[in-house]
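I opened this entry to look up the fold content and the aromatic contacts. My notes follow.

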Amino acid sequence: MQKEYDEFVTKSGASLVCPMDESPIAAPPVVAVVVTHGPGPWFDDVLAGLARQDYPNLETMFLVTGDGVASERIRSVLPLAHVRVVPGNHGFGPTANAALHLIEGSGLFCFMHDDVALDSSTITLLVEELYRSNAGIVGPKLVEWDNPLVLQHVGLGVDRFGEVDSALDPGEVDQEQHDAVQDVFCVPSACLMVRADLFRELGGFNKAIEYQGDDLDLCWRAHLSGARVLVVPTARVRHREALTERRPDIGQFAPAARNRLFTVATMTGALRLPTLLVETLLLSLFETIIGLFTGRLRQGLASLRAIVTLPIRLPAILSRRREVKPLRLVPDNEVVGLQIRGSARLSSFRRHRQRAAANKQNNNPLRRRGSLIRTGTVLRTVIVLLAVLGSRSIITKGLPVVGQFVPLQAPRAALRAYLSGWNIQGFGSSSASPSAVGMLGLAGFAVFGKVAFLRTLLIVLPIIVGYFGMWRLADVVPSSRARAVAFIVYAAVPLPYTAIAAGRWNVLAAYAAMPWVIDLLRRISGLAASADLARVDNSVADVVARVSGLERVRLTVALAIITAIVTAFAPSFALIVVAVAVVLAIATLCAGGARSTLVGVAAAISALLIVFVLHLPWSATLLRSGSWTDVIRSGLGADAHLGLTRVAAFGLGRNTLGLLALALYAPVVIAPLIGRGWRLTWASRGALMAVTFAALAVLDDGGHLPFRLPEAGLLLAPAACGIALAAAAATASLELDVRGARFGWRQPLGIVVTLGVAAGLLPSLIAAFNGTWFAERSTTGYLRQLPAASVDGDYRTLFLGDPRLLPAPSHRTVGGISYAVVNDGPMVAADQFLAPTTGGDTLVSEALGLMRDARSQRAGRLLAPLGIRYVVIPVNDHTDSAAGTTVSQLAPGLLDAMTAQLDFRVVGSTDEVRVFENRAWLPVTATLDATAAGRSDQAGLAALVGESSGTGTAAFIDATAGKPATATLTSGTLLFSTSDSPNWHLTVAGVDVPHRGAYGWAMAFDTTTGGPATLVYRTPSIRRLLILGQFILWILGLVFVAGLRPRFRHRRGGRGIAETAPVLNLDEIVEPSRFETGAFAGGSLASMSIDDDLPLGADLFFDDADDGADADNAGADVTRSQRREERR
Amino acid sequence: MIRRLLVMILVLGGIAGTIDIARVNRSVAQPEFTRLASPSTPYLPTRDLITATYYCPGLPAASTTAGGEIVITNPTDVPVTGQIEPYTDSGALIPQLISIAPRSQQPFNLDALVQTGYVGVTVEIAHTGVAVEQRTHSAVGTSIAPCSPDASQNWYFADGVTGDGSAYDLVLTNPFPDDAVVDMTFIAGTVQRQPTQFQDFVIPAKSVRVVAIDAAARNEPTLSLILHSRRGRFVAAKVQSFSTKVRNGYAFALGAPSAAVDWYFADGGKGTGTTETYSVLNPTDTDVEVDITVTDATGVLPAVRTTIPSNQTVVVDIAGQFKNASGASTVSDGTHSVTMSVATLGATAGVVVERALTTTVSKNISTTTVIGSQFSSQTWWAPLGVPVATPGALVVTNSSGQAGTFSVNAVGPGGANPITGLEAVPLAGGATFYVDLTVDGAVSVPIVIKSTNLPLVVEQRYPTGTKGGRTGALLLPE
């Protein structure tokens, strides 16, 4: 070995001096770098631990972030300590990097958190072993702070996915079973010792990592550069490990997963990386699915989010890989060899679960002993299985077309429609297509075009998402039982099941999102979660956690994105979110809770504005309509008139014993009655939310309000959340305030709550046995029986009648007549959005007015140029009406008026529907005969109705925007029955044909020659820009919510520290005399055997001139690599 | 405590308030289409229509002895346009566009479109206030009939005779694009039957079907018909030529599209050579009592009540019904008007009444049948007027008990102007006035009878052109 090294020195020309040969061994200078941020009482132990170190050459440097109030405490214990106040809080790693600039010279850094208490010999033992093993990084054994007999970490194993496995069992007692020094892949940054030169060579901690994962990144780089990482179990420290408690704003899982993935992506060799990322994605998906049932959903989602958002960080990853590239001195496969085989995540699964249970058990006095966490998992599994059981026929056979549950478009067609800028809804228009069309298109691609599967997923998944949203929200109550009750109650509310029965996708989306929305409002307001509540006096009304401004903005954007997703399907949802925030704030103020809930109101309003921006340009069309009713009542289910009890019992559709669901309101009344402290506050929030929104739904349903509100189903989503929260608060009150107290009026109320919840479960339980939640019949199946467009040309169908029965959002015209227009073929999801009002709607209104007033029997002629071939009047949809109400209220006289028309022929008549064919219809795109061509110049009621509408021959069948349509035309007039737009272009035999207005609203092309023709819609550039802008905004929003920080922020923070002049030179504090005479005389260091690889040691203790450093390092690196090879 | 109280007040108050408000059922405003009134006897539509549609009963194929025409009268101040769509037994023919000048009248001969049978016609006018009638000719005379503004699912014919040389056809026109399926019921006195061949009888879309009733029901001295469509609406008219000992003549008339509780007849007579019968058909499933009121020269006679059994027709002889204690008729000789009303208060079930009036002039027997008017009006139109100077051409009855005046106006290029001497004709309550259209300017022009304060019922005695015969017809009320 020495020979090889000598050869290397000779070849490289390096001139190395081994001071060890020339001078007595000095105790190498060690600087303990402690990053401190608002330490608590435990900090005294930390300082004491440092003060009693037996190591003779130890300096301490405290990097105090924030207000620096800890400085005095430090100086009172360690008067010689270097204390540096660092403005702001840049996170552990970036702050610790200040050592790079504040400390010069050779030696060792011992980085410490401010919640680590060292044993008196910790530093000495670490230095000894580092020196003995010639390691680059060493770390001590970490034990529990409060119970030092329990092991916390003894080094960390890491797999190729960056997953850490400490290989310890939860609560494992230290019996010196792990006390052998060993190579590990990583040691926790809570306390690690690193050679100063190596630390500088590695560039310090990754400044992009504030918390969680900084140690992995550093150690991985150390491995790449050939340095050893050891754990020295004889050196012991106590560690609180309470980051989530001290910084609840930074999240528990997301930053860790994000940083882990970032490290993996930057450290893994380029050849292995693609495969590894795919494996990581699959593993994350698997973990997410498993997490649904094991209570590790958040971890799974965090991993999934990290991997999905990884491409967004590609520039940062590439940049980082360039930075790391010079450190890659060890082949990638060697580093892999140091990692755990397989998946640490899977192998540690069981240990993690037990550890989590133990942690929560320790953190939360209300968590019951034993297996409540497991019970929670079983509970969630059972309820999710019940939901799946209740949806079994939907999953296995698919759901019939009911209400909004219509087939989805092929992804390509949906995206094409969205991007084209031509809205095909109704009579077509140049207005923006609904954002949901684009979303569904993207979602279709995400499921590889399996839109039927996506449709099923979109029906079933919202239920489960809602469940787990409530599970998360219910974490505000620090009681496992209360949390379980909230989960059960939210699952018992019949809203999602009756929404399926009634075919209401928008209600399902609201049900899924509402708990998450409320949870975000809570977090924005700083309302504490259970972990915080559990540590305070139970008599307080609220505990408010500090939320940084940036975090608040991030949560607001998250709120906006969730709201935007639901708003895409239910435009009024954004307004409901604001209303929820207002009600929460009012309830809080009434209950004497934290006024910070007003921040939630501001956040909800901000989210509303963000939602508007995210949905541009579609959202602008909603404003342009200028009609509150269009926005609020545009969906199906408007004006359901279900009645007081059905609305209050969430009975949107069929439901057996549905009225029993009213029993779920028992906690709403009882919870504020028996609650104290924070139970009262949360009970008030839940109760007022339930009462307010249920009341609004009931009153609006009955037409008792002077203004219109969103449909009942949407209003009932927050009411359902309120009931669940009230139930949770009531349960917590029973546990804390009632149990053990003298018998009084409160105890019986507990029984009432229990009975109420039990009774309220029945309707949903019964519905679960049906298999489709009673959604059994199709209301639009007859559309499949209508002829295909290819037979006679494109046509439209006019739905007319009771808006509750119409299968598409309806326009309401004079006299309250409702109608909807859809294009030929089966209905698709795009038809579920209110079509923009166009000139065609004016003609429809006039035609309906004619029929309503019996002013003509030729309404068919008026509808003919609109391409309306069929008029469909639903009579009974077997959803609402089958539930025992009198829904099928056909407008009096409607059928008479239809049969009195001379152009309408009955082509179908069932108990569900009447279908009429307009014999005067003209195809949407048609070459007109002379009569029709002449009349196309005319406009107005009398002109169109008075005489025959003529005939037309179909052309350009299935012409849509985004795809040129071709046909062979004869000379004459081509009618294109869509709203007049300059973006449509007809070319006949290579010649552009100008268009003119037709029938006062449509387009006609007068061609003088025939020949091959092309009809195409040219999307305006501004539309493309708007879509691009929208896409960027969504990406930016997602990136921001994912917690990815702009790099400049870190640079700014790092630069601020780096600009500080050095305050400590290690070379100047070497004190051999102390080594010789102090505690180390004759001690372990004196007996250290220096490894043959002297340059490493020389470089370690005696920093040479900068100009020789590179050569030294190069030599050292080669040597390390060789040594590692030898060890293996 | 205060906070808890506040929250409880809000929660309980909210629940109680909601229940209190919501328990009051708010009537939900339903959009309402104009309920098409039950089809009625023809009238002149004057309300604000974009297009007015008229269904003409049918024109016989042109021959040397038969034929007909559609006559469209535009009494308004503006030219009107529209189209005529004819139907034959083989379907619809190409519509013809038409244009009628203001205050003018235009006949359209469509009978040449068919070789045999009949041609049904739908006339659409892109205006309102236009009258459409049809005039048919046969060997035994001329008949006029207004075209109906309504198609109906039900048609009733109370009066009818078969056998003894009489011919009785029904002309059924379906102007709609859907087939109509019709069931027919024959009522001969107290006997009701439903011939199999006339059940589920299909009238194809936009076509005409002719049914020979006399072949299906032979030698019936009284025969009523009830036509009910299972699906679709249609128009029904009868073509009756009488050739019996007591009846002679020709009638081409619409049926009654609905039963009614009131029926008005302006013209009636008693005396030598005059036979007047009223066939009262009760198409309902309950017996109906009908009050018969006669106003003759002596005034209004006490009403007589008679019972019409369910699904039967009762032939009422007015002279025989009104008798004094000695058995003598209380109806004076001469003319009289008749009103028949269902006696039951608030009754909606009605009857159908058709009058057969046979007069003998110079041994010429002339029979005319008229379905009465279901309502009275202050304005009545005689679009065809009279082709020649005709004494007693119009019969005007005041259906109220109040006295008043009316005017008779001729519609010419200058508009509707009163005929000299008929500017303000006094009319006592219940009285009848016979209008002579004999002066210049009153012949071959549309006539309109107006009153500012009287509900009138007006009939026409239209010259048949054969041996001084007249055919009766109701005018068109507004």
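I counted secondary structure first: chain A has 46 helices and 29 strands. Helices (H or I, at least four residues) and strands (E, at least two) are DSSP runs, numbered from the N terminus.

I noted the ground rules. This is a predicted model, where local features need pLDDT of at least 70, side-chain atom pairs count only at pLDDT 80 or more, and totals for chains, interfaces and linings use all residues. Residues are numbered from 1 along each chain as its sequence is written, chains are lettered from A and ligands numbered from 1 in the order written, and side-chain values use heavy atoms, without hydrogens and water.

I checked burial next. Of the 1128 residues in chain A, 61% are buried (under 20% relative accessible area, 1.4 Å probe, protein chains only).

I then turned to aromatic pairs. A:F109 and A:F111 pair edge-to-face, 5.6 Å centre to centre and 65° between the planes. A:F109 is buried at 0% relative accessible area. A:F111 is also buried at 0%.

A:F185 and A:W220 are edge-to-face too, at 5.3 Å and 85°. A:F185 sits in the loop between β11 (182-183) and β12 (191-195) and A:W220 in helix α8 (residues 214-224), so the pair ties together parts 35 residues apart in sequence. Both A:F185 and A:W220 are buried.

I also found a cluster: ring pairs link A:F92, A:F109, A:F111, A:F199 and A:F205.

Methods: Buried means under 20% relative accessible area, exposed over 50%, partly exposed in between (1.4 Å probe, protein chains only). Rings of Phe, Tyr and Trp (its six-membered ring) pair if their centres lie within 6.5 Å; planes under 30 degrees apart count as stacked, over 60 as edge-to-face and the rest as tilted.
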